[in-house]
Amino acid sequence: MNVNSKIYVAGHTGLLGSALIRVLSNKGYGNIITRSHADLDLTDRKQVENYFINEKPEFVFLAAGKVGGIISNRTYPADYLHINIAIQDNVFESSKNFGVKALVYYGSSCTYPKICEQPMKEEYWLTGALEDTSAAYAAAKIAGIIGCRSYNQQFNSTKYICLIPNSMFGPHDNFDLENAHVLSSLMKKLHDAKTAHQNEIVLWGSGSPRREFIHSEDTARASIFMVENSEKLENRHYNAGTGTDYSIKELAEIMSDVVGYKGKITWDTSKPDGTPRKLLDSSRILSLGWKPQVNFKQGLEETYVWFLHNRPGLK
Ligand SMILES: NC(=O)c1ccc[n+]([C@@H]2O[C@H](COP(=O)([O-])OP(=O)(O)OC[C@H]3O[C@@H](n4cnc5c(N)ncnc54)[C@H](OP(=O)(O)O)[C@@H]3O)[C@@H](O)[C@H]2O)c1
């Protein structure tokens, strides 16, 4: 991939897609193409084929998909399955058929077993039962991860690269409480509690589950690194995390500091906790030479500044 290569970032308005645009541009890649969801529905095979035939992208970062938190996953499991499978099937096929050199696909840490030895090595993948609430989304992601392997195995044209980033955060995250992941939802709830001068906030669960978070720009840099080093890659997925996890309680304390919430936090232990721990073992990608750069607290502070400036247009 060189600075003039034609690069299609699918899902450029989202958390990861917008980070890819920023990082690619900062690195000097100047021939980036995008198309909004309204103008190109990636679940529509014909529209996708026409786009690839007309635009002839050389590299594709597939950051489009249906992504959400527990409530949304529980309410719309069929949408999570259908939309993600349709998008990846259309984009994988068109990439193969219309001359794409490499495509980066994003799996999810929820494709690892709910109860899994920690940190989770790539080898532990599919060795146990999935977390039930996100099983439909995970099933689509499993199809995509195996899809990358299968296309590489059967065809010799496009290189399919598969990254599993842990839970991401950053500008353009989703702060709508119905759809948000734990980090953005905590940021929004603590911000709301601060502005409403609440003395106390009640949060779900015991606060003891541990989670690993990665800034979207670190995932973007990992993606570009993988394309630039694609000749070193095995035909398998690669984890991409920071190697550090936090209990939800610790996260709530750090986040209170970031947003300036001074009230009390109470834990509603009658609510479910979900998977106890989700820490990726990222030694494979680290051994190739990539490493995360964003300091966690600083990344949160910058995300909060973005949140404050963009609230009216938030998803
Ligand atoms: N967020 C995480 O923590 C995380 C972790 C691991 C892996 N991933 C994976 O990383 C990828 C990006 O996630 P994200 O968090 O950046 O998602 P996001 O913020 O929700 O962005 C998704 C993007 O996809 C677009 N999109 C959705 N449906 C589309 C369709 N039918 N046609 C065209 N565009 C469509 C959205 O456009 P509109 O908003 O206009 O619909 C948006 O630009 C996903 O594959 C996700 O599974 C995410």
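Me: Which helix gives the largest share of the shell around the ligand?

Reply: In this predicted model, the largest share comes from helix 1, with three residues. Helix 1 covers residues 15-26. Two further elements, helix 4 (77-97) and strand 6 (167-169), also give two or more residues to the shell.

Me: How many residues surround the ligand, and which are the closest?

Reply: The ligand is surrounded by 25 residues. The closest are Gly 11, Gly 14, Leu 16, His 37 and Gly 65.

Me: How do the residues of this shell divide into nonpolar, polar and charged?

Reply: Twelve of them are nonpolar, eleven are polar and two are charged.

Me: Which residues of helix 1 are buried, and against which elements do they pack?

Reply: The buried residues are Leu 15, Leu 16, Gly 17, Ser 18, Ala 19, Leu 20, Ile 21 and Leu 24. Leu 16 also belongs to the closest residues around the ligand. The strands against which the buried residues of helix 1 pack are strand 1 (7-10), strand 2 (32-33), strand 3 (59-62), strand 4 (102-106) and strand 6. Helix 7 (216-228) is a further packing partner.

Me: Which residue with a positive phi follows helix 1?

Reply: That residue is Gly 28, and its phi is near 95 degrees.

Me: How should I read backbone angles in general, and where is there a cis peptide bond?

Reply: As a general rule, most residues other than glycine have a negative phi, and most peptide bonds are trans. Here, a cis peptide bond joins Gln 118 and Pro 119, with omega about -10 degrees. Pro 119 is located in the loop that lies between strand 4 and helix 5 (135-154).

Me: What is the phi of Leu 126, and is this residue buried or exposed?

Reply: Leu 126 is not a glycine, yet its phi is positive, about 60 degrees. The loop between strand 4 and helix 5 holds Leu 126. Leu 126 counts as exposed because it has 12 C-beta neighbours inside 10 Å, and the cut-off for exposed is 12 or fewer.

Me: Where is His 197 placed, and why does it count as exposed?

Reply: His 197 is in the loop between helix 6 (182-195) and strand 7 (200-204). Its phi is positive, near 55 degrees, in a residue other than glycine. His 197 has 8 C-beta neighbours inside 10 Å and therefore counts as exposed.

Conventions:
Residues numbered from 1 in each chain as written. Predicted model: local features only at pLDDT ≥ 70, side-chain atom pairs only at ≥ 80, totals over all residues. Near = placed C-beta within 6 Å. Helix = DSSP H or I, 4+ residues; strand = E, 2+ residues; numbered from the N terminus. Nonpolar A, V, L, I, M, F, W, Y, C, P; charged D, E, K, R; others polar. Buried ≥ 20, exposed ≤ 12 C-beta atoms within 10 Å, placed from the backbone. Contact = placed C-beta atoms within 7 Å.
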